[in-house]
Amino acid sequence: GLKVSLAASALVDLEAPARQLFAYRFGCTEQLSSRLIALSALERLRKPLALEETFVDTAAPILSELEKHQAADGGFGLWAADDTSAPWLVRFLTAYALITLDQLERAGIATSPHAKERARQYLVRGLRDEVPYEDRAFSLYALARTGTIELGYANKLFEQRAQLSLLGQIELAHTLTRLNAKPQAQTVLDELSSHVRVATDRAHLESATWHGAFESDVRATGELLEMLLEHAPDHMLVPKLARWLSAARGRDGGYVNTQESAWAVMSMADYLTKRESVPPALKASVKLGAQSLGTFALSGHRASARAAVPMDQLPRGGAPLTLGGEGRGTLYYGVQLEYAPLALPVAPVERGFFVERSYERLDPLALARGDVKGEPGYKAKLHDYVRVSLRIAVPSAREFVMIEDALPAGLEPVDSALASEFGAAARALRERAPEDHRELREQGARIAINDLPPGLYRYSYLARATTPGSFVAPPARVEEMYHPDTQGLTAATQFTVEAP
């Protein structure tokens with residue numbers, strides 16, 4: 001049905017992106033860090049906005065998982081401490097994890113001093129190497145945020161600032177300001193002012209090109225808002241930047257990816273604590289067509305209200321939704337339409353990827369004898385092996401690709417790490433393709449690839465028929481994690497497990 005949320009504070013702007021981060025399906029270092037940044041932002045708002053819920057217990061298991069991704073040298077891998085992430089990616093992740101640990105401490109959530117210090121030392125050692133300017137800017141920014149003084153490196157990067165992207169320039173300016181090199185910081189800000197797009201009531205940073213998957217107008221605007229809130233909270237751009245960030249959310253209330261959500265939540269939390277000091281007092285109304293959904297009094301930062309219409313009561317053919325607010329302050333709102341399709345998708349989707357899924361029944365006795373030839377089809381007998389294959393066509397290079405395939409409920413994945421089934425699995429899975437991380441779960445398989453060149457690839461995993469019946473096989477999906485609109489899906493199918 002239709003759900004409408006109203007609030008007298010910009011806190012509502014944090015709800016959807018925070019929910020987006022908590023519900024996100026994957027758990028690499030960046031995504032775990034982004035989740036923790038959202039939790040720390042909400043925890044920081046708890047006292048000034050008198051929120052009742054505490055987020056400390058929620059953060060603890062996520063933080064524990066994040067710390068497992070830190071290697072002995074202090075760097076963070078993408079999926080685990082010992083993965084083979086590229087050096088630039090480890091530097092970025094380590095800097096981002098360090099910022100995350102600092103945000104948690106600001107919120108009063110305990111972290112490991114040892115983990116934080118090892119991350120700082122890793123970044124300091126990296127400054128001595130010849131690394132790309134963007135890496136250096138973000139490392140210096142993370143170190144400056146956590147109190148590490150590296151003025152010499154910052155001054156050298158100031159001389160080379162023409163080589164930096166827009167985001168790198170913001171990070172350099174923020175670093176220089178924290179190191180009390182304010183004239184140089186002002187010079188950088190003056191130079192990037194041409195990229196600030198100002199409208200009547202909003203403003204944002206805009207660049208024609210971005211250097212990587214983690215950069216965007218939303219993240220750059222969030223970083224600029226954070227900097228101004230820290231060093232010039234009364235700057236005329238501050239409320240305009242906050243309004244643009246609020247309006248930049250998608251139809252679901254969230255942002256394009258976890259990076260955008262984290263930086264928006266972090267900067268908007270600072271905005272709430274520093275700029276919304278006068279308690280609001282509003283009278284709000286909601287109408288759907290001619291039907292009133294209610295009139296609500298919203299007084300104080302915590303004031304909120306909700307209205308809902310079940311799906312079967314929504315007007316056929318649609319109707320205008322009208323919201324109004326009178327009084328002191330700004331009316332913030334969120335509108336969400338939740339629905340489930342009546343039928344499973346029967347056609348594949350091709351938006352930058354083509355993906356095709358097939359099943360092959362493998363007789364356990366034949367496989368034990370070394371016969372890996374399968375019988376194609378959508379059925380198997382109880383206790384049979386089933387080889388699931390995904391053929392993926394990639395027309396151009398993609399970054400941070402995730403393949404996700406849900407198994408029909410009558411099948412369970414086979415873990416090739418188990419000694420009892422390793423031989424059979426190894427014989428059945430001989431195809432190799434680029435791969436950086438693989439998870440086999442009860443629900444199916446997830447495969448991550450950091451860099452996927454153009455080409456045709458085949459990925460396979462092994463399952464076993466464990467429950468008789470006819471089951472739905474949801475669509476298999478391949479997408480770029482930081483550009484999720486670039487995706488491919490198979491159709492949904494049925495799979496039958498026959499009793500002996």
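This is a predicted model: local features need pLDDT of at least 70, side-chain atom pairs count only at pLDDT 80 or more; totals for chains, interfaces and linings use all residues.
**Stop 1: H2 and H4**

Select residues 29–46, which form helix H2, together with residues 87–106, which form helix H4. Their axes come within 9 Å and cross at roughly 20°. Angles under 35 degrees count as roughly parallel, so H2 and H4 are described as roughly parallel to each other. The crossing of H2 past H4 is left-handed.

Now show side chains. On H2, pick Thr29, Glu30, Ser33, Ser34, Leu36, Ile37, Ser40 and Arg44. On H4, the partners in this contact are Phe92, Leu93, Tyr96, Ala97, Thr100, Gln103, Leu104 and Arg106. Coloured by class, the contact residues of H2 and H4 split into 7 nonpolar, 6 polar and 3 charged.

**Stop 2: H4 and H12**

The H4 side of the contact consists of Phe92, Tyr96, Ile99, Gln103 and Arg106. From H12, select Gln259, Ala262, Trp263, Met266 and Asp270. By class, the contact of H4 with H12 has 6 nonpolar, 2 polar and 2 charged residues.

**Stop 3: the largest pocket**

Which residues lie nearest the centre of the largest pocket? Select Gln20, Arg25, Asp252, Tyr255 and Pro484 to find them. The pocket has a volume of about 1300 Å³, and its lining comprises 28 residues.

To see which elements give two or more residues to that lining, show helix H1 (12–23) and strands S8 (332–337), S20 (477–480) and S21 (483–489). The lining of the largest pocket has 11 nonpolar, 8 polar and 9 charged residues.

**Stop 4: the cavity**

How many cavities of 30 Å³ or more are there? The count is 1. About 40 Å³ of space lies in the largest cavity.

Select Arg91, Leu123, Gly126, Leu127, Val131, Asp135, Arg136 and Ser139, which line the largest cavity. Helix H5 (113–127) and helix H6 (133–145) are the elements that each give two or more residues to this lining. Sorted by class, the lining of the largest cavity has 3 nonpolar, 2 polar and 3 charged residues.

Conventions. Residues are numbered from 1 along each chain as its sequence is written. Side-chain values use heavy atoms; hydrogens and water are left out. Axes are lines fitted to C-alpha atoms, for helices over the stretch in contact, and angles run from 0 to 180 degrees between N-to-C directions. Helices (H or I, at least four residues) and strands (E, at least two) are DSSP runs, numbered from the N terminus. Angles under 35 degrees count as roughly parallel, over 145 as roughly antiparallel, 65 to 115 as roughly perpendicular and the rest as oblique. A crossing is left-handed if the near helix is turned anticlockwise from the far one by less than a right angle, and right-handed if clockwise. Contact means heavy atoms within 4.5 Å. Ala, Val, Leu, Ile, Met, Phe, Trp, Tyr, Cys and Pro count as nonpolar, Asp, Glu, Lys and Arg as charged, and the others, Gly among them, as polar. On a 1 Å grid over the protein atoms alone, a cavity is a set of points where a 1.4 Å probe fits but cannot get out, and a pocket is an open set with protein on both sides within 12 Å along at least five of seven lines; lining residues have an atom within 4 Å of a point. Grid points are joined across faces, edges and corners, and a volume is the space filled by probe spheres set on the points.
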